[in-house]
Amino acid sequence: MDNVDRKLICYLAEDANVTTSSLVNKVNLSIPAINKRIAKLKDEGVIEKTTIITDSQKVGKPVMTFVMVALDQFMLSDQLMQIVASDPDILECYAVTGEFDYILKICAKDIDALENKLLHMKQQGIAKSQTLIALREYKFNPSVLPDIALE
């Protein structure tokens, strides 16, 4: 991956709908060359997928939380992963070090809906959890970008 690829990734992360013709002057390549590089980045798995970002307030799920979870037994992680995979309101899940086993990012329409999700997970073998409610988002960057300075 060279600097041109890095620039393309940054421009696409900023706006995945950017036209190839608008990238011509930014990366000094032809439209076919840009398309070929983007296709290669996708084939190599550097660009995993193109998606949208929704506004949680506008889609009716304004409660954003981070839930730290400790399991009763490690073998119960398969059950937790089934819950994670089947619940579209669990946006992210990471195995972590420390006192807890996992941290989940969960959105909900209200506190009652969040409580129901947490109770359901506890019935599946969660020993303890700690929930942090996000008051305000100051930075959200859904992509891991390469280090590069854009002109």
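**Reading the model**

Author: Begin with confidence. This is a predicted model, and in the chain confidence is lowest in H4, at a mean of 90, and highest in E3, at 97.

Reader: How should pLDDT be used when it is low, and what does the chain average?

Author: Where pLDDT is low, the predicted coordinates should not be read in detail. Here the average for the chain is 91, and 97% of the residues score at least 70.

Reader: Which residues have the most contacts inside the largest nonpolar core?

Author: That core has 17 residues, and the ones with the most contacts inside it are Val69, Leu80, Ile90, Leu104, Ile106 and Met121. At least two core residues come from each of strand E1 (63–71), helix H4 (77–86), strand E3 (102–108) and helix H5 (111–123). Apart from this core lies another, of eleven residues, including Leu8, Val27, Leu41 and Ile47.

Reader: What does Leu80 touch, leaving out residues up to four places away in sequence?

Author: With those left out, Leu80 touches Val69, Leu71, Tyr102, Met121 and Ile126.

Reader: Is Leu71 buried or exposed?

Author: Leu71 counts as buried because its relative accessible area is 11%, and the cut-off for buried is under 20%. Leu71 lies in strand E1. Beyond four places in sequence, Leu71 touches Leu76, Ser77, Leu80, Asp101, Tyr102, Gly125, Ile126 and Ala127. Ala16, 55 residues from Leu71 in sequence, is 38 Å away in space, C-alpha to C-alpha.

Reader: What is the volume of the largest pocket, and which residues lie nearest its centre?

Author: The largest pocket contains about 1,700 Å³ of space. Its lining has 44 residues, with Thr51, Ile52, Ile53, Phe140 and Pro142 nearest the centre. The lining divides into 24 nonpolar, seven polar and 13 charged residues. Helix H1 (3–14), helix H3 (31–43), E1, strand E2 (90–95) and E3 each supply at least two of the lining residues. H1 gives the most, with four residues.

Reader: Are Asn28 and Val27 buried or exposed?

Author: Asn28 is exposed, with a relative accessible area of 66%, whereas Val27 is buried, at 6%. Val27 is in helix H2, and beyond four places in sequence Val27 touches Val4, Lys7, Leu8, Tyr11 and Ile34. The C-alpha atoms of Val27 and Leu76 are separated by 49 Å, with the two residues 49 apart along the chain.

Note on methods: Residues numbered from 1 in each chain as written. Predicted model: local features only at pLDDT ≥ 70, side-chain atom pairs only at ≥ 80, totals over all residues. Heavy atoms only, no water. Core = buried A, V, L, I, M, F, W, Y, C linked by side-chain atoms within 4.5 Å. Buried < 20%, exposed > 50% of the residue type's maximum accessible area, 1.4 Å probe, protein only. Contact = heavy atoms within 4.5 Å. pLDDT = per-residue confidence, 0-100. 1 Å grid on protein atoms, 1.4 Å probe; cavity = no way out; pocket = protein on both sides within 12 Å on 5 of 7 lines; lining within 4 Å. Points joined across faces, edges and corners; volume = space filled by probe spheres on them. Nonpolar A, V, L, I, M, F, W, Y, C, P; charged D, E, K, R; others polar.
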